[in-house]
Amino acid sequence: MRPMRLIWVAFLTALLAVSAFAGEFTGLVVGVIDGDTIDVLHDDQAERVRLNGIDCPEKGQAYGKSAKRAASDLAFGREVIIQMHGHDKYKRIIGDVILPDGMNLNQELVRQGWCWWYRKYAPLNAELEQLEKSACEAKKGLWTELNPVPPWEWRHPYKEKRDKDPN
């Protein structure tokens, strides 16, 4: 029984190592869908990439256009490195986007105040947490508003209310 336990431990360790960082690729940013979703050319095909750990305002939501413009100004037409962390339920790559100067696009959008640190999907990301706090304190971007509405509440206002108020 002991050898079987060792095999399971080795298997789970290998699985965690692979899933923790799924790889990377380099490609040209050929589209900016919104502030947190871009298209990157990879092997002659556009790959949809959802920026890891952040959530920008939606199209039609306050600051949605500003977030998209900021992402476009920083990344469109540039060769970037995508550090992949898997795929989401829509089959988009979840990734960190590293710009040609080494800057992390995900972090820069939070630093500039165009998005929220997405606690639900990156709960332990202390860097994004600190960047959001600093942007909020400095009243940058969407943080000029007194109470900006996070996109996850804007997308599902009734669900959020129901979840908060069980009565």
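1. Lining of the largest pocket. By class, 13 charged, nine nonpolar and four polar residues line the largest pocket of this predicted model. The lining has 26 residues, and R50, K89, Y118, Y121 and R155 lie nearest the centre of the pocket.

2. Volume and elements. The volume of this largest pocket is about 690 Å³. At least two lining residues come from each of these elements: strands β3 and β4 (54-55), and helices α5 (151-155) and α6 (157-164).

3. In soluble globular proteins, nonpolar side chains tend to be buried together. Here the largest nonpolar core has 29 residues, and those that touch the most other members are I38, V40, I54, I82, V97, L105 and L109. Strands β1 (23-34), β2 (37-42), β3 (45-51), β5 (79-87) and β6 (93-98) each give at least two residues to this core, as do helices α2 (64-75), α3 (105-111) and α4 (126-137). With five residues, α2 gives the most.

4. Contacts of I54. Which residues does I54 touch, leaving aside those up to four places away in sequence? They are D36, N106, L109, V110, C115, W116, Y118 and L128. One of these, L109, is listed with I54 among the core residues that touch the most other members. Another, Y118, is among the residues nearest the centre of the largest pocket.

5. Confidence. The protein chain has a mean pLDDT of 87, and 81% of its residues reach 70 or more. Residues 6-20 have a pLDDT below 50, and beyond near neighbours in sequence this stretch has one contact in the model.

How values were computed: Residues are numbered from 1 along each chain as its sequence is written. This is a predicted model: local features need pLDDT of at least 70, side-chain atom pairs count only at pLDDT 80 or more; totals for chains, interfaces and linings use all residues. Side-chain values use heavy atoms; hydrogens and water are left out. A nonpolar core is a set of buried Ala, Val, Leu, Ile, Met, Phe, Trp, Tyr and Cys residues joined through side-chain atoms within 4.5 Å. Buried means under 20% relative accessible area, exposed over 50%, partly exposed in between (1.4 Å probe, protein chains only). Helices (H or I, at least four residues) and strands (E, at least two) are DSSP runs, numbered from the N terminus. Contact means heavy atoms within 4.5 Å. pLDDT is the predictor's confidence in each residue, from 0 to 100. On a 1 Å grid over the protein atoms alone, a cavity is a set of points where a 1.4 Å probe fits but cannot get out, and a pocket is an open set with protein on both sides within 12 Å along at least five of seven lines; lining residues have an atom within 4 Å of a point. Grid points are joined across faces, edges and corners, and a volume is the space filled by probe spheres set on the points. Ala, Val, Leu, Ile, Met, Phe, Trp, Tyr, Cys and Pro count as nonpolar, Asp, Glu, Lys and Arg as charged, and the others, Gly among them, as polar.
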